[in-house]
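Here are some notes to read alongside the model. They go point by point, from single residues to the whole chain and back.

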Amino acid sequence: MLGYIIYGEGPKRPALDELTVAGGNFIALRMGLENRPNGPLALYRARQGARMLREAGVRSAIFPVDFPYTALFIRQGILPVDTLPLRRAMAAPLTRRRLEAAGFQPTQAVVAVSGERAVREVTECAKALALSYRYVLLSVRGGEIFARDLRREYGISLLLEPSPDQLDRADALVMFAPRQDLKLDNPILYTLYPGGEAGRGRLPLCLPAEAAVQTETNCDREQLTAALYAMGAIPLETLLAEIPG
């Protein structure tokens, strides 16, 4: 079960209840704003709230923006909802959309995918792009078996072990792990690894308006978007439609 932390006006003593937002069911922890959020009593209540969530079986929750107890909750075993799986699922279709909008032709565009190993998220992205574009570069360890299977099943060939210069010259670069040897000035760039969401290659997440009106003003809507997608409450196609072209 996922948690949903509400930090706002109301009783300061933490309390649990059930909450439904946009078709997703959560265990909600309600905490009142503290005049001295770093004071002993406020910290005691925060630890109590984290313990209540943990005892309810929650290990991941939607956190408020600028929540003063994020580090404390993490130490207590309650983590913010991870948005990275959703960003990675959106990478291939958004790359196609941006290439089309920029006028790149499927027979001319050069698309690159880079990661550490040929894990499922990386190969699914590479496959989706290879089905649409002739020139796809794949820079991962252990990609030979995947490339051979792709060629046997679809007649598609990938360029394996591209050089840094080839990756730098790609029209679109999707990265699943950081690299220090690239310029990262490709026309289209997505950096899909922990910490990558802070730079130029950030892939945005947009909560549909009908769901957004059900949330508090300080709710982290990107975390909520990822949670609703993971629950199956909002399909990928709906979330893709929310992102500006």
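**Notes on the predicted model**

1. Start with D66, which is found in the loop between β4 and α2. This is a predicted model. Is D66 buried or exposed? D66 has 73% relative accessibility, and the cut-off for exposed is over 50%, so D66 counts as exposed. Its backbone deserves a look too. Phi of D66 is near 60 degrees, a positive value in a residue other than glycine.

2. At 63% relative accessibility, E161 counts as exposed.

3. Now the whole chain. Its secondary structure comes to nine helices and 10 strands. The C-alpha trace spans about 60 × 35 × 30 Å along its principal axes. Of the 245 residues, 47% count as buried. The accessible surface comes to about 12400 Å², and carbon and sulfur atoms hold 50% of it.

4. Charge comes next. The chain carries 29 positive and 27 negative side chains. The centres of the two sets lie 4 Å apart.

5. The largest nonpolar core has 54 residues. Y4, F26, M90 and L224 have the most contacts inside it. Which element gives this core its largest share? Helix α3 (residues 84–101) does, with seven residues.

6. Leaving aside neighbours within four places in sequence, its contacts include L19, V21, F26, I27, A28 and L29. Y4 is also in contact with A61 and I62, and with T215, E216, C219 and L224. F26 and L224 share with Y4 a place among the core residues with the most contacts.

7. Aromatic rings are worth checking in the viewer. A pair of aromatic rings is described by the distance of the centres and the angle of the planes. The count comes to seven aromatic pairs. In one of them, the rings of F63 and F67 have centres 5.9 Å apart and planes at 80 degrees, so the pair is edge-to-face. F63 counts as buried, at 2% relative accessibility. F67 counts as buried as well, at 7%.

8. F63 also pairs with F73. Their ring centres are 6.0 Å apart and their planes stand at 75 degrees, so this pair is edge-to-face. What does the pair link? It links distant parts of the chain, 10 residues apart: F63 in the loop between β4 (60–62) and α2 (70–75), and F73 in helix α2. Both F63 and F73 are buried.

9. R87 lies in helix α3. Is this residue buried or exposed? R87 has 4% relative accessibility, and buried means under 20%, so R87 counts as buried. Not counting residues up to four places away in sequence, R87 touches L192, E197, R202, L203, P204, L205 and E222.

10. T191 is found in strand β10. T191 is buried, with a relative accessible area of 8%. Beyond four places in sequence, T191 touches M175, G196, E197, G201 and R202. E197 and R202 are also among the residues that R87 touches.

11. G201 lies in the loop between β10 (188–191) and α7 (209–212). With a relative accessible area of 2%, G201 is buried. Leaving aside neighbours within four places in sequence, G201 is in contact with L189, Y190, T191 and G196. G201 and P64 are 137 residues apart in sequence, and their C-alpha atoms are 24 Å apart in space.

12. Finish with E9, in the loop between β1 (3–8) and β2 (15–21). E9 is exposed, with a relative accessible area of 76%. E9 and M31 are 22 residues apart along the chain, and their C-alpha atoms are separated by 8.1 Å.

How values were computed: Residues are numbered from 1 along each chain as its sequence is written. This is a predicted model: local features need pLDDT of at least 70, side-chain atom pairs count only at pLDDT 80 or more; totals for chains, interfaces and linings use all residues. Side-chain values use heavy atoms; hydrogens and water are left out. Helices (H or I, at least four residues) and strands (E, at least two) are DSSP runs, numbered from the N terminus. Buried means under 20% relative accessible area, exposed over 50%, partly exposed in between (1.4 Å probe, protein chains only). Accessible areas come from the Shrake-Rupley method with a 1.4 Å probe; for residues, only the protein chains shown count as cover. Lys and Arg count as positive and Asp and Glu as negative; His and the chain ends are not counted. The place of a charge is taken as NZ of Lys, CZ of Arg, CG of Asp or CD of Glu. A nonpolar core is a set of buried Ala, Val, Leu, Ile, Met, Phe, Trp, Tyr and Cys residues joined through side-chain atoms within 4.5 Å. Contact means heavy atoms within 4.5 Å. Rings of Phe, Tyr and Trp (its six-membered ring) pair if their centres lie within 6.5 Å; planes under 30 degrees apart count as stacked, over 60 as edge-to-face and the rest as tilted.
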